[in-house]
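Trainee: I'd like to learn how to read a protein fold from its model. Could we go through one together?

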Amino acid sequence: MPISRADVQHVARLARLALTDEELDRFQSQLSLILDEAEKVKRLPTGGVPPTSHPLPRVNVWRDDTVGPCLTREEALSTAPEVEQDRFMVPRIIEEGA
Amino acid sequence: MSTSGAGVPLAGLTAGELAERFARGETTAVEVTGAALDRIRATDDLLHAFLTVTDEQALADARAVDEARRRGEPLGPLAGAPLALKDVLVTKGTRTTAGSRILEEFRPPYDATVVARLRRAGVIVVGKTNMDEFAMGSSTENSGFGPTRNPWDPTRVPGGSSGGSAAAVAAGQATLGIGTDTGGSIRQPASLCGIVGVKPTYGLVSRYGLIAFASSLDQVGPLARDVRGAATLLEAIAGHDPRDSTSIPEVPADLTSGLERGVEGMRIGRVAELFPSEGTEPGVLARVNEAVDRLERLGARVEDCSLPSFEYALSAYYLIAPAEASSNLARYDGVRWGLRVKDATDVVDMMQRTRENGFGAEVKRRIMLGTYALSAGYYDAYYGQAQRVRTLVLRDLERAFERFDLLVGPTTPTVAFPLGARVDDPLSMYLSDVFTVPVNLAGNAAVSVPAGLSEGLPVGLQLIAPALGEATMLRAAWAFEQDLGFAERPREIIVDDRVQIAPNGDSPGAIKEVRP
């Protein structure tokens with residue numbers, strides 16, 4: 001398999017997904033199958049071919065720096081699971097005493 | 001055939017037929033909207049095309065259109081037409097889920113530009129439609145809220161990811177639909193549901209307020225019962241938007257006034273890679289080959305051509321799209337919107353468990369795949385290589401469009417497949433997109449138009465145009481549609497005041513077993 005269980009665990013950590021053991025097993029085999037399929041892209045000789053990141057290339061899309069209507073603070077916060085003092089509230093980030 | 005259910009005569013019309021009736025004063029927007037809502041009530045227990053039905057707002061909007069018409073105000077050609085909106089475009093104050101449990105209670109504080117343009121055109125949004133979660137899928141089975149069923153045979157999928165909008169239009173729940181197409185998500189469900197679906201040139205339609213899946217591929221587009229309806233709807237939603245930096249400044253061409261000019265003298269390339277020797281159903285090949293002959297009889301010059309890079313497009317797509325998705329979906333972290341698990345020990349624990357609980361299997365799979373393809377040591381081998389394939393596809397298409405006005409092939413290799421047939425086998429599901437993804441990689445335009453039936457189920461013909469070639473493409477699609485005269489509709493029966501749809505080839509009695 002092109003991808004090990006440790007790889008899957010590592011990627012899950014990077015992607016902030018608390019996967020179950022059963023999911024880790026399933027994704028290891030499914031991602032391996034998909035990556036096997038991607039081998040033909042990986043092996044394709046593409047020397048000298050530049051990458052395309054965007055189908056219709058645009059460079060430096062500018063607009064006038066004018067003030068327009070925007071969301072109020074209340075509107076912007078209206079979708080948040082938890083709000084305190086007009087701010088998005090999150091659980092503790094820094095260890096106590098740190 | 002769909003004349004048995006309440007309100008079908010109105011809800012089953014094309015946008016053009018509806019406009020004629022409004023002009024003659026034979027019906028009103030309120031009456032048509034009411035008919036669409038009746039139809040949804042009668043059929044959606046079975047089909048599940050809608051996640052949210054916005055009946056009160058729709059009737060209020062319809063009343064406003066009727067009043068404007070009475071006052072003699074100038075109204076657009078779609079004013080009063082009921083539309084099914086894919087639940088991936090944000091609507092102010094109306095729940096918008098993207099088919100995901102993580103956004104189950106999300107009420108956006110603003111409207112997408114497409115939604116604002118629809119309202120300005122007097123289009124009546126009757127509801128938000130079901131879809132594969134975050135538009136990742138080809139069957140609508142990846143919805144966090146249960147699958148949509150195909151109105152032609154409710155034991156089969158409607159395609160995806162815009163399966164709800166396609167099923168709604170096919171079943172006469174709405175006259176028009178809006179979908180999004182990242183790898184075929186408008187064209188493939190249009191094909192499977194026997195309607196017209198357009199993937200416009202990248203940048204022609206604003207993505208402001210579109211919940212992002214793969215930003216360099218996503219494009220909003222129309223679904224309709226006929227080519228003229230799709231062209232009129234595309235005109236209504238297209239155009240530059242300063243709020244989307246990828247929106248193109250070119251003024252969209254007039255897409256409707258030249259529709260009837262025919263295909264005489266048009267040069268059409270039959271793409272060898274879209275007619276592979278294996279994997280495509282014989283019934284699909286037969287309908288598409290007949291369609292190519294028909295275009296030739298109508299005066300087009302058809303020649304064979306080869307675009308070798310198409311063979312690599314699917315694999316490249318399934319690296320690029322997940323990579324962009326893994327980045328776009330990082331925002332669902334339980335902080336600014338959507339689900340948040342309770343009793344987290346710290347912020348990372350909260351994010352990891354929120355995402356684990358809120359996302360479905362396919363979304364997790366693609367986030368994992370994309371994160372892997374972008375991670376240190378693999379970036380160039382996978383993502384970089386996929387981007388080089390993208391260049392090869394662009395070059396092949398550029399070369400082909402030196403010789404041809406349009407390219408032609410099937411939209412998808414099979415007719416609608418049974419629910420459950422592919423959902424646990426990601427690779428076989430991904431193959432549904434094999435003929436549609438090259439266009440997304442290259443950013444040009446394509447349309448799927450009904451080409452007849454195979455085994456009682458619709459087959460779609462795909463016409464591919466260069467970037468901003470929509471006018472020529474729709475002209476050919478219109479000529480084909482008119483000459484074929486495809487008028488088949490799903491078969492229906494009525495049980496307990498509910499419209500039901502007879503499964504393909506089975507006796508109507510079998511329907512009860514598939515009721516949800």
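Predicted model: local features only at pLDDT ≥ 70, side-chain atom pairs only at ≥ 80, totals over all residues.

Trainee: What radius of gyration does chain B have, and what would a compact globule have?

Mentor: For 516 residues, a compact globule would come out near 24 Å, and chain B has 22 Å, so the two agree. The C-alpha trace of chain B spans about 65 × 60 × 50 Å along its principal axes.

Trainee: How many of the residues in chain B count as buried?

Mentor: A residue is buried if 20 or more other C-beta atoms lie within 10 Å of its own. In chain B, 63% of the 516 residues pass that test.

Trainee: How many helices and strands are there in chain B?

Mentor: Chain B has 16 helices and 13 strands. An open, mixed sheet is built from 11 strands, in the order E1-E3-E2-E4-E6-E5-E10-E11-E9-E7-E8.

Trainee: Which strands stand at the edges?

Mentor: Strands E1 (50-53) and E8 (301-305) of chain B do; each has a single partner strand, so one side of each lacks a neighbour in the sheet. On average, neighbouring strands of this sheet are turned by 30 degrees against each other, direction ignored.

Trainee: In which sense do E7 and E9 of chain B pair?

Mentor: They pair in the parallel sense, over three bridges. Within that pairing, Arg270(B) stands opposite Val408(B) in E9(B).

Trainee: And which strands does helix H4 of chain B lie across?

Mentor: Helix H4 (residues 55-70) lies across E1 and E3 of chain B, running at about 160 degrees to E3(B).

Conventions: Residues numbered from 1 in each chain as written. Chains lettered and ligands numbered in written order. Pairing = 2+ DSSP bridges. Helix = DSSP H or I, 4+ residues; strand = E, 2+ residues; numbered from the N terminus. Axes fitted to C-alpha atoms, helices over the stretch in contact; angles between N-to-C directions. Contact = placed C-beta atoms within 7 Å. Rg over C-alpha atoms; globule rule 2.2 N^0.38 Å. Buried ≥ 20, exposed ≤ 12 C-beta atoms within 10 Å, placed from the backbone.
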